[in-house]
Amino acid sequence: MNLKTIGYAMGITILAAACNKYRTQVTENGLKYQVFEHEDDSRKAKLGDIMSFHLVLKNGSDSTLRDTYKEGNPVKMVLQAPPFKGSFEEGLAMLSAGDSAKFLINADTLFAKMMQPMPPMIKKGSELSFTVKVLSVLTSEEFQKQQSEASGKQKGVDAKVIEDYLAKNNLKAKARKTASGLYYIPQVEGSGPSPVAGDNVKVHYTGKFLDGKEFDSSKNQGKPLDLQIGAGMVIPGWEEGIMLMKKGEKGLLIIPSGLAYGPEAYGPIPGNSVLQFEMELIDFSKGPATPAAGPQIAPPAK
């Protein structure tokens with residue numbers, strides 16, 4: 001066989017491999033898929049592992065329903081056993097770190113198994129496409145360690161951001177810091193005792209970023225918010241901060257990201273955001289839960 005023949009044969013082999021790589025294949029359970037990138041030596045996900053991946057979800061008309069690239073926040077998901085044949089989880093279990101693939105799943109089957117009605121933007125009989133790019137595969141222990149290290153680092157970043165904000169706005173002398181890193185600045189004095197865990201409270205609030213841009217307010221909704229404090233209904237910074245206030249009191253909470261929404265984006269709030277809330281404790285009443293001692297605050301920073 002001459003060199004020309006060998007080169008031709010190699011070209012045919014490479015072309016065939018490429019065609020096979022991108023063609024639609026079907027598993028024994030009926031899951032349709034296309035593989036775009038795959039590394040045999042990369043770490044493959046096992047049940048219980050935490051997978052981080054970007055996802056582009058489209059309906060049968062090729063309209064994008066979700067794009068985590070644009071959201072700037074990849075999905076983090078514990079790999080579980082497939083809930084039904086041909087499920088998305090079956091596809092994820094095929095992938096390793098660095099892999100990318102597309103999975104096609106019948107919409108009727110998916111929503112029937114989820115026991116949810118078909119959304120209006122999805123037609124019956126159509127297929128949903130899940131295009132995935134796996135960023136990492138970690139065990140539960142590795143993931144917890146990574147999160148703990150990132151959280152510790154972020155605490156330092158948040159503390160510097162808050163200190164700079166207080167200094168810039170001449171609030172340092174008035175600000176009271178708790179052991180958790182929360183800052184509270186009283187504005188209008190209240191009276192009587194403070195609520196404790198289990199109490200039902202009525203509050204007005206306005207949430208803003210540190211640049212002053214507003215992202216939420218009960219006043220815009222025309223009524224205060226009613227909630228049971230200490231029941232995990234709101235972010236930890238609220239739980240702690242409201243228990244520092246007295247009836248009729250108004251104040252400003254400066255909440256580090258770890259006591260707010262953490263590293264994940266939440267609606268208009270980017271991950272790792274330090275937030276400020278203008279709070280007013282309108283009223284509170286005793287709830288059914290056993291009262292717990294409110295948090296202790298340090299003297300005003302000097």
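User: Let me start with one residue. As what does Lys76 count at 37% relative accessibility?

Analyst: This is a predicted model. Buried means under 20%, exposed means over 50%, and partly exposed lies in between. At 37%, Lys76 therefore counts as partly exposed.

User: Which side chain does Lys76 meet in a salt bridge?

Analyst: To read a salt bridge, look for a Lys or Arg side-chain nitrogen within 4 Å of an Asp or Glu carboxyl oxygen. Here the partner of Lys76 is Glu264, with N to O at 3.6 Å. Glu264 is partly exposed too, with a relative accessible area of 26%.

User: Which parts does the pair tie together?

Analyst: Place each partner in the fold. Lys76 sits in strand E5, residues 75-78. Glu264 belongs to the loop between strand E13 (250-255) and strand E14 (275-285). The pair therefore ties together parts that are 188 residues apart in sequence.

User: Now Lys286. With which residue does its side chain meet in a salt bridge?

Analyst: With Asp199, at 3.6 Å from N to O. Lys286 lies in the loop between E14 and strand E15 (297-300). Asp199 lies in the loop between strand E9 (183-188) and strand E10 (200-209). So this pair joins parts 87 residues apart in sequence.

User: Is Asp199 buried or exposed? And Lys286, buried or exposed?

Analyst: Take each partner separately. Asp199 has 2% relative accessibility, so it counts as buried. Lys286 has a relative accessible area of 59%, so it is exposed.

User: What is the closest N and O distance between Lys172 and Glu163?

Analyst: Those atoms are 3.7 Å apart, and the two residues form a salt bridge. Lys172 is partly exposed, with a relative accessible area of 33%. Glu163 is also partly exposed, at 26%.

User: How many salt bridges does a search of the whole structure find?

Analyst: Twelve. Those discussed above are among them.

User: Let me zoom out. How many helices and strands are in the protein?

Analyst: The protein has six helices and 15 strands.

User: What share of the residues is buried?

Analyst: Of the 302 residues, 38% are buried. Asp199, at 2% relative accessibility, is one of the buried residues.

User: How should I read contacts by sequence separation? What share comes from residues 24 or more positions apart?

Analyst: Take the contacts with a separation of 6 or more. Residues 24 or more positions apart account for 66% of them.

User: And the surface? What does the accessible surface come to?

Analyst: Read the total, then its make-up. The protein has about 17200 Å² of accessible surface. Carbon and sulfur atoms hold 54% of that surface.

Key
Residues are numbered from 1 along each chain as its sequence is written. This is a predicted model: local features need pLDDT of at least 70, side-chain atom pairs count only at pLDDT 80 or more; totals for chains, interfaces and linings use all residues. Side-chain values use heavy atoms; hydrogens and water are left out. Helices (H or I, at least four residues) and strands (E, at least two) are DSSP runs, numbered from the N terminus. Buried means under 20% relative accessible area, exposed over 50%, partly exposed in between (1.4 Å probe, protein chains only). Contact means heavy atoms within 4.5 Å. Accessible areas come from the Shrake-Rupley method with a 1.4 Å probe; for residues, only the protein chains shown count as cover.
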